[in-house]
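Student: I would like to learn how to read a helix and a core in a structure. Can we work through one case?

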Amino acid sequence: MTSANYLRRRELVSALLARREGALVVPGLGSPTWDCFAAGDQPEYLYSWGAMGLCVPTALGVALAQPGRRVLALTGDGEMMMGLGSLAVVGAQAPENLGILVLDNESFGETGRQPGLTGIRADLCAMARGAGIAHTLAVTSMDQLDALAELMFHHPGPTFATAKIALTDEPWALPEKDGAAIARRFRGAVGAAE
Amino acid sequence: MTTHDWSQDVFDAMGARGIATVATVPDGGLTGLLTLCEADPDTRIVTLTTEEEGIGVTTGLWLGGQRGMIAIQSSGVGNCINALGYPTTLRAPCLLLVTMRGQWGEFNPWQVPMGQAVQPVLEAMAVKCFPVDQAEKVGETFAAAADLAFFGNFSAAVLVSPRVIGVKGFGK
């Protein structure tokens with residue numbers, strides 16, 4: 001597979017979220033947040049504009065607090081590499097309701113497309129398995145969408161997937177950036193508000 | 001050093017406030033509290049690889065409607081600096097219990113730079129600090145910090161002095 005065949009991030013995220021069936025979504029900072037907003041604003045999306053590395057820990061906390069709801073952590077390869085240890089924390093806690101998807105463009109896309117580490121030799125699915133997350137999937141084709149949705153939203157977790165995505169210029173899609181407003185709305189959607 | 005069981009006081013204050021998860025990179029001074037938590041089927045310990053993960057986990061718990069706290073050694077505070085902006089930005093509560101090194105009678109020079117910087121660093125990140133150096137006062141101090149954090153949605157840290165924990169020395 002060459003990078004010319006990599007998936008379109010907005011097409012993939014939109015198609016996946018259309019199948020989320022009420023799952024809560026914790027997107028990482030930057031492009032995964034823009035992708036979720038572009039797919040259609042929802043109160044169940046916890047948008048992020050910062051705190052790099054905390055997508056998976058935050059999603060783990062939500063999943064532990066809400067065992068009856070499915071939770072999707074949706075991040076990029078840069079943030080996942082920064083927070084690799086959190087995969088071992090997830091492996092140990094073993095929440096059945098958590099799926100993790102890494103949109104892997106092998107680059108620091110937000111900062112000028114500097115090459116990242118996943119385009120060289122680092123293998124995120126192998127690292128996730130090594131951290132105790134048994135069920136992984138490497139997505140390289142939209143033909144795998146059904147399998148990806150099954151793994152993220154239905155298969156007993158924790159589950160982990162990567163999707164190789166192309167470096168593309170997408171239209172800006174910027175959601176609310178007031179963290180207090182984002183958190184309040186999310187807690188309302190979860191039923192956690194005081 | 002006194003023999004007052006401050007760990008039991010903290011554990012009781014946690015229970016009274018519904019704080020049912022402790023995210024931790026352990027420290028010797030936390031052994032008593034973590035042992036109580038392990039023995040309690042209603043308390044969850046989330047062992048971390050690095051302390052900043054705890055900020056994400058406890059913020060996520062609050063977003064999902066539960067209360068958690070972070071229990072770490074002073075050296076781990078430095079690992080949390082950028083992450084501490086996260087609960088502040090979300091207006092989420094954040095409660096830390098920090099057992100201090102690098103202060104009173106420290107024998108290990110490698111602990112001193114971060115230990116001395118803990119309170120200024122936390123205050124620079126808008127964390128309210130509650131230092132305590134008497135075992136009898138740890139429980140009430142923890143309770144006060146927890147109430148400030150969870151009622152007002154602030155970040156608060158209880159800094160437990162080596163005078164409470166006992167000065168480490170490796171027999172030197």
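Student: Which residues of helix H1 of chain A are buried?

Tutor: This is a predicted model. In helix H1 (residues 9-17) of chain A, the buried residues are Arg9(A), Leu12(A), Val13(A), Leu16(A) and Leu17(A).

Student: Why do the buried residues of H1(A) line one face of the helix?

Tutor: An α-helix has 3.6 residues a turn, so residues three or four places apart point the same way. Looking down the axis of H1(A), the buried residues lie within an arc of 120°, so they line one face.

Student: What covers the buried residues of H1(A)?

Tutor: The cover includes two helices of chain A, H2 (31-38) and H7 (145-153). It also includes strands E1 (24-27), E3 (98-104) and E7 (159-164) of that chain.

Student: How should I read the nonpolar core?

Tutor: In soluble globular proteins, nonpolar side chains tend to be buried together. Here the largest nonpolar core has 108 residues, and those with the most contacts inside it are Val26(A), Ala59(A), Ala73(A), Val98(B) and Val158(B). Helix H3 (residues 55-65) of chain A gives the most to this core, 8 residues.

Student: What does Val158(B) touch?

Tutor: Leaving aside residues up to four places away in sequence, Val158(B) touches Leu97(B), Val98(B), Phe130(B), Val132(B), Thr141(B), Phe142(B) and Ala145(B).

Student: And chain A as a whole?

Tutor: Chain A has 8 helices and 7 strands. Of its 194 residues, 47% are buried. A compact globule with 194 residues would have a radius of gyration near 16 Å, and the 15 Å of chain A agrees with that.

Definitions and conventions: Residues numbered from 1 in each chain as written. Chains lettered and ligands numbered in written order. Predicted model: local features only at pLDDT ≥ 70, side-chain atom pairs only at ≥ 80, totals over all residues. Core = buried A, V, L, I, M, F, W, Y, C linked by C-beta atoms within 7 Å. Buried ≥ 20, exposed ≤ 12 C-beta atoms within 10 Å, placed from the backbone. Helix = DSSP H or I, 4+ residues; strand = E, 2+ residues; numbered from the N terminus. Contact = placed C-beta atoms within 7 Å. Arc of directions from axis to C-beta. Rg over C-alpha atoms; globule rule 2.2 N^0.38 Å.
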